[in-house]
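Open the structure in your viewer and keep the selection tool ready. The tour goes stop by stop.

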Protein chains: 2
Amino acid sequence: MTDPLSKSGLSRRSLLTTAVAGSAALTVPARANDPAITELQPWMQSLGDGVDARPYGTPSPYEADAVRRDVPWLTADPISSVNFTPLHKLEGIITPNGLCFERHHGGVAEVDPAKHRLMINGLVDKPLVFTMEDLKRFPRENHVYFLECAANSGMEWRGAQLNGCQFTHGMVHCVVYTGVKLKHILEEAGVKTNAKWIMPEGADASAMTRSIPIEKALDDCMVAFAMNGEALRPEQGYPLRIVVPGWEGNMWVKWLRRIEVGDEPWHHREETSKYTDLLASGKARRFTWEMDVKSVITSPSPQAPITHGKGRTVLSGLAWSGRGTIDRVDVSLDGGSNWTTARVDGPSHTKALHRFYHEFDWDGEPLLLQSRAIDSEGWVQPTKNALRDVRGTESIYHNNSIQTWYVQKDGEVENVEVG
Amino acid sequence: MTDPLSKSGLSRRSLLTTAVAGSAALTVPARANDPAITELQPWMQSLGDGVDARPYGTPSPYEADAVRRDVPWLTADPISSVNFTPLHKLEGIITPNGLCFERHHGGVAEVDPAKHRLMINGLVDKPLVFTMEDLKRFPRENHVYFLECAANSGMEWRGAQLNGCQFTHGMVHCVVYTGVKLKHILEEAGVKTNAKWIMPEGADASAMTRSIPIEKALDDCMVAFAMNGEALRPEQGYPLRIVVPGWEGNMWVKWLRRIEVGDEPWHHREETSKYTDLLASGKARRFTWEMDVKSVITSPSPQAPITHGKGRTVLSGLAWSGRGTIDRVDVSLDGGSNWTTARVDGPSHTKALHRFYHEFDWDGEPLLLQSRAIDSEGWVQPTKNALRDVRGTESIYHNNSIQTWYVQKDGEVENVEVG
């Protein structure tokens with residue numbers, strides 16, 4: 001494990017001094033007469049459920065608002081729509097399976113794994129059809145990757161619109177995938193020398209397809225059957241999906257039933273009329289697959305206001321890049337005039353979410369919170385206007401610009417723009 | 001991320017050659033007439049559930065047997081009992097929250113976080129009472145740790161008894177904890193110089209208590225409020241538990257309401273009549289907190305037999321140590337006569353589960369599968385009889401010996417002893 005403090009250059013002792021002593025000392029009120037201490041609570045006086053009550057556990061009823069949410073006006077029908085990960089309620093870098101945002105085009109396919117097959121055809125020496133059991137006979141690997149929809153933050157191109165990081169940035173999740181490197185499967189079939197592209201196809205009613213260059217397919221793509229230790233969830237492609245690390249989520253075809261190998265891309269709907277980047281000139285960029293370096297402050301944020309008043313405050317957020325790890329995250333409390341390096345904590349994996357923190361002493365005055373991530377290739381997250389200067393405002397996809405939250409005196413937080 | 005192959009000394013190419021080509025090539029039958037391919041399946045022809053159907057998702061109905069299980073005859077009542085993690089169904093190193101084994105002594109307390117407090121008292125300058133919101137104002141950290149009950153594999157002292165790694169080894173789970181280092185909280189209260197021990201106490205009806213040396217408390221202990229990204233589950237201590245990395249699970253007091261600081265241990269029930277190691281001499285060892293280096297093969301295993309017949313086979317398992325990381329795992333197919341180094345894959349964190357694999361070509365003859373882990377301090381997992389020579393057979397706790405699975409010609413697997 002990486003030392004959680006090593007990136008910031010602080011010693012453990014200096015963090016302790018900064019955070020626990022000094023001007024930001026936490027004033028804990030005397031609570032000797034607090035009824036929560038002086039009175040017996042119901043759970044101290046009665047026996048709870050036994051170990052036979054929940055073969056598969058669920059969250060506390062007090063966490064009922066930590067859920068995925070959809071925005072009904074966003075699409076014509078919930079079967080071809082999206083819901084959003086509640087980033088403001090989450091900690092660390094792993095998204096629990098029950099809270100991973102969903103995007104589907106024909107609803108959630110409920111596939112019987114015994115009747116599911118993966119076909120490899122096209123430019124191969126030997127077309128093959130695998131059962132799920134066949135696939136589990138290949139060497140397995142485990143990798144932590146984020147999956148982000150290319151349309152994440154897409155509403156922000158034209159201005160601050162949705163009030164909460166769940167809605168502005170919640171089309172991303174990060175889990176541990178277990179599966180087989182796609183190259184092992186392709187090499188079992190024998191890829192012909194003129195093969196340049198692959199096309200994964202889904203088994204749901206929408207039969208999703210995308211074109212992927214053979215170099216990516218033979219590099220880090222996986223055929224995954226598990227997430228966070230258990231079988232894929234139905235809405236994430238149970239029993240099989242393709243994992244395309246660092247690239248836009250639409251390519252991670254779910255309910256994966258077929259991979260065709262070809263010598264040119266297929267120019268299907270999802271790579272022509274959709275998932276292209278319309279520029280101000282009227283031209284559209286195609287095949288912009290990599291997800292750019294990005295970050296967002298998850299607390300304080302519109303759904304996670306400051307409720308404790310002045311004094312010691314924990315700012316927390318997420319950063320990620322489709323090109324590698326996160327080297328540094330800077331945070332600003334004044335809309336980008338002054339920047340401080342945040343503390344990146346916990347495991348750092350390539351093409352995975354990273355958690356950052358900044359502890360500060362809030363004086364109760366308004367704040368303009370921003371975060372700016374820098375990845376291991378040196379890419380820096382741009383301001384909204386810097387991005388618009390290059391890309392215009394007609395796009396939907398690949399908005400990785402800096403987000404601003406306005407913290408008011410009462411601790412409430414709003415989505416605003418400062419450039 | 002660690003290169004998944006670096007520990008084995010194999011290059012990526014040599015793994016590919018070993019696993020995908022050569023004698024162990026996977027013979028995939030021609031399936032051109034397979035009805036799963038030639039016939040349209042129901043999920044290809046109809047629309048599924050929309051994004052508004054499951055605000056908090058659940059597993060596929062086809063995974064209904066991936067659940068925690070209890071053993072009714074093991075204890076007098078399910079409210080003071082244990083259920084077991086289904087290790088044979090899991091991949092990677094993270095246990096999904098819904099599948100983490102439970103052990104409680106008064107049932108699952110359903111605590112209202114608004115009425116929950118953490119009191120620090122005893123040998124401190126200033127006794128303090130924290131709300132949950134107070135605790136979230138300290139600097140947070142994220143760590144992957146396993147939690148193992150000291151009684152895990154306890155039935156094996158007297159011989160092979162339970163048929164499945166869920167029951168022999170399933171009192172262990174591994175999650176990412178988010179919380180605050182305990183030392184920050186203790187230093188806020190000011191620990192007196194004569195303080196030598198702490199005693200965490202639970203808010204459930206059993207009011208669990210254990211004595212922990214102050215050195216451990218000020219080292220890596222945490223007060224955790226989240227696991228795998230979301231709030232702790234009720235059965236894991238919602239809203240607060242103490243995390244005691246690498247040490248026996250009974251010390252990880254749940255529903256944490258109080259920490260007393262003292263100058264000697266409290267000698268309470270769970271460290272005198274329970275959680276001590278009875279030797280053949282009649283003497284009992286006390287305060288044996290660290291969980292020793294251990295491993296188990298999760299597949300093939302009694303609940304995960306070989307169903308595909310001869311040929312390429314994936315052996316998979318878990319290894320862990322309360323003293324650090326795992327340096328090496330050896331596997332034997334012949335009951336310990338010959339050993340091969342397994343491939344450790346995925347993230348390696350101190351005091352966390354590690355996943356290992358061994359791909360081999362099964363000739364259809366019986367096998368005696370064993371795994372033997374070696375940790376970063378050089379400790380080696382012992383055979384059952386080597387452990388009994390030192391500790392006798394009267395103990396319940398701290399059995400870290402090598403497990404043997406007997407694979408029969410038909411692929412069925414049994415728990416057996418070979419020494």
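How many residues does the contact take from chain A and from chain B? It takes 106 residues from chain A and 106 residues from chain B. Two residues are in contact if their C-beta atoms, placed from the backbone, lie within 7 Å.

Before going on, note that this is a predicted model: local features need pLDDT of at least 70, side-chain atom pairs count only at pLDDT 80 or more, and totals for chains, interfaces and linings use all residues. Residues are numbered from 1 along each chain as its sequence is written, while chains are lettered from A and ligands numbered from 1 in the order in which they are written.

Stop 1: Helices (H or I, at least four residues) and strands (E, at least two) are DSSP runs, numbered from the N terminus.

**Stop 2: an open sheet in chain A.** Five strands form it, in the order β19-β18-β22-β23-β24, with antiparallel pairing. Two strands pair if DSSP finds at least two bridges between them. Select 340–341 and 413–416 of chain A: these are the edge strands β19 and β24, and each pairs on one side only. Pick T404(A); its bridge partner in β24(A) is V416(A).

**Stop 3: helix α6 of chain B.** Select residues 182–189 of chain B. Six of the eight residues of α6 are buried (20 or more other C-beta atoms within 10 Å of the residue's own, C-beta atoms being placed from the backbone). Among them are L182(B), H184(B) and E188(B). Step on to G190(B), which follows α6(B) and has a positive phi, near 85°.

Notes:
A residue is buried if 20 or more other C-beta atoms lie within 10 Å of its own, exposed if 12 or fewer, and partly exposed in between; C-beta atoms are placed from the backbone.
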